[in-house]
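Please look over the sequence and the structure below before reading on. The paragraphs that follow go from the overall fold to single residues.

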Amino acid sequence: MFSLADPGRINDVLAHAGFQNVQTVPVDTTMVYGTDAAAFILGSGPVQFNLRNADQFTIDQARERLTAALRPYHEADTVRMRGAWWVVTATRP
């Protein structure tokens with residue numbers, strides 16, 4: 001999920017796959033989560049991977065801490081946070 005956070009890495013991966021003229025354009029935007037953002041984040045691949053051997057107490061503690069950390073971003077029935085993305089274009093000869 002985060003292995004392509006660096007535009008140099010994106011360029012390397014796509015160049016190795018035969019793409020040319022790779023361009024990465026940063027986009028800063030607002031990420032909008034539903035009413036249970038903690039569940040969404042805890043269900044993501046990297047988090048699932050890191051919690052795969054955790055006991056229930058540890059998982060519950062992670063959820064409580066994540067929920068507390070997200071509290072400042074709550075607006076009505078949603079969680080809104082700044083997010084950064086790449087728009088990537090390339091050509092394949």
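Which pattern does the protein chain follow when read along the sequence? The protein chain follows the pattern α-β-α-α-α-β-β, with 4 helices and 3 strands, where helices (H or I, at least four residues) and strands (E, at least two) are DSSP runs, numbered from the N terminus. This is a predicted model, in which local features need pLDDT of at least 70 and side-chain atom pairs count only at pLDDT 80 or more, while totals for chains, interfaces and linings use all residues. Residues are numbered from 1 along each chain as its sequence is written, and side-chain values use heavy atoms, with hydrogens and water left out.

Along the principal axes, its C-alpha atoms fill a box of roughly 50 × 35 × 15 Å. Of the 93 residues, 14% count as buried, a word that here means under 20% relative accessible area, whereas exposed means over 50% and partly exposed lies in between (1.4 Å probe, protein chains only).

One of the buried residues is T78, with a relative accessible area of 14%, and its place is in strand 3. Leaving aside neighbours within four places in sequence, T78 is in contact (heavy atoms within 4.5 Å) with V32, Y33, G34 and Y73. A polar atom of the T78 side chain lies 2.3 Å from the backbone oxygen of Y33.

Strand 3 also holds V87, which is partly exposed at a relative accessible area of 43%.

Side chains of opposite charge can pair when their charged atoms come close. A search of the whole structure finds 2 salt bridges, each being a side-chain nitrogen of Lys or Arg within 4 Å of a carboxyl oxygen of Asp or Glu. In one of them R63 pairs with D36, the closest N and O atoms being 2.7 Å apart. Because R63 lies in helix 4 (residues 56-70) and D36 in the loop between strand 1 and helix 2 (37-42), this pair ties together parts that are 27 residues apart in sequence. R63 is partly exposed, with a relative accessible area of 32%, and D36 is partly exposed with 35%. E75 and R80 also meet through their side chains in a salt bridge (3.3 Å, N to O); E75 counts as partly exposed at 44% relative accessibility, and R80 counts as partly exposed at 37%.

Note on methods. Polar contact = N/O pair within 3.5 Å; in protein donor to acceptor, adjacent residues only side chain to side chain.
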